[in-house]
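Please read the following account alongside the sequence and the model.

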Amino acid sequence: MNIRRVRFDHPDAVKLNDEVQAEYHLRYGDGGDATSLDATDFDPPRGAYLIAYDELDRPVATGGWRSQDDNGEGNADGDAELKRMFVVAQMRGRGLARRILAALEEDARAAGRLRMVLETGTKQPEAIALYTSCGYEPCDKFGYYRHYEDSRCYAKAL
């Protein structure tokens, strides 16, 4: 696997984002994640967006982090919010999400962020299993979905 930093508006990032949004819609029936994102959210030094490419240079996994600080939506100063973690169906079970997650944690730590936070939902049990197995613990809800019953938020000190 070759993991590369790209912009969130890179064509491969757009393609994978469309795929993850379609999967969210299948699971939740709501059109996908409505959280507002902008390509500049992931620009260094306040964020990063990564894509893993296979041996044929096909984009197969993605994830990013963006800086969040105390904002009235439950975030705290020094947060790095994990967004758009996704592995294409045919490549799941190979540790790609763990590799992307570790690279994002390292990058956020190097940027001076204090904790990584994420929001997921009850209809993504494999995501919850990944994060808890990587040391994430439930935290106070934050962000767009903080008032939704199916929302689950996790954090890990960096």
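The paragraphs below treat the chain as a whole, then the sheet and its helices, and finally the pocket and the cavity.

The model is predicted. Its protein chain contains 3 helices and 7 strands, and these elements follow one another along the sequence in the pattern β-α-β-β-β-α-β-α-β-β. The radius of gyration of the protein chain is 14 Å, close to the 15 Å that the globule rule gives for 158 residues, so the chain is as compact as a globular protein of that length. The C-alpha trace spans about 45 × 35 × 30 Å along its principal axes.

The strands form an open sheet of 7 strands with mixed pairing, in the order E1-E2-E3-E4-E5-E7-E6. At its edges are strand E1 (2-5) and strand E6 (137-138), each of which pairs on one side only. Strands of a sheet pair through backbone hydrogen bonds, in either a parallel or an antiparallel sense. For E6 and strand E7 (residues 151-157), the sense is antiparallel, with 2 bridges. Within this pairing, Pro138 has Tyr154 of E7 as its bridge partner.

Helix H1 packs on the sheet, where it touches strand E2 (47-53), strand E3 (59-68), E4 and E5. The direction of H1 makes about 85° with that of E4. Helix H3 lies across E4, E5 and E7, and runs at about 160° to E5.

Which elements contribute two or more residues to the lining of the largest pocket? This pocket holds about 890 Å³ of space, and the elements in question are helix H1 (11-28), strand E4 (79-87), helix H2 (96-110), strand E5 (115-121) and helix H3 (125-133). E4 supplies the largest share of the lining, 7 residues. In total, 38 residues line the pocket, and Tyr24, Met85, Thr120, Gln124 and Ala127 lie nearest its centre. By residue class, the lining comprises 17 nonpolar, 7 polar and 14 charged residues.

The search of the whole structure also covers cavities, and finds 1 cavity of 30 Å³ or more. The largest cavity has a volume of about 50 Å³. Its lining consists of Thr35, Glu81, Lys83, Glu119, Phe142, Gly143, Tyr144 and Tyr145. Of these lining residues, 3 are nonpolar, 2 polar and 3 charged.

Conventions:
Residues numbered from 1 in each chain as written. Predicted model: local features only at pLDDT ≥ 70, side-chain atom pairs only at ≥ 80, totals over all residues. Heavy atoms only, no water. 1 Å grid on protein atoms, 1.4 Å probe; cavity = no way out; pocket = protein on both sides within 12 Å on 5 of 7 lines; lining within 4 Å. Points joined across faces, edges and corners; volume = space filled by probe spheres on them. Helix = DSSP H or I, 4+ residues; strand = E, 2+ residues; numbered from the N terminus. Nonpolar A, V, L, I, M, F, W, Y, C, P; charged D, E, K, R; others polar. Pairing = 2+ DSSP bridges. Contact = heavy atoms within 4.5 Å. Axes fitted to C-alpha atoms, helices over the stretch in contact; angles between N-to-C directions. Rg over C-alpha atoms; globule rule 2.2 N^0.38 Å.
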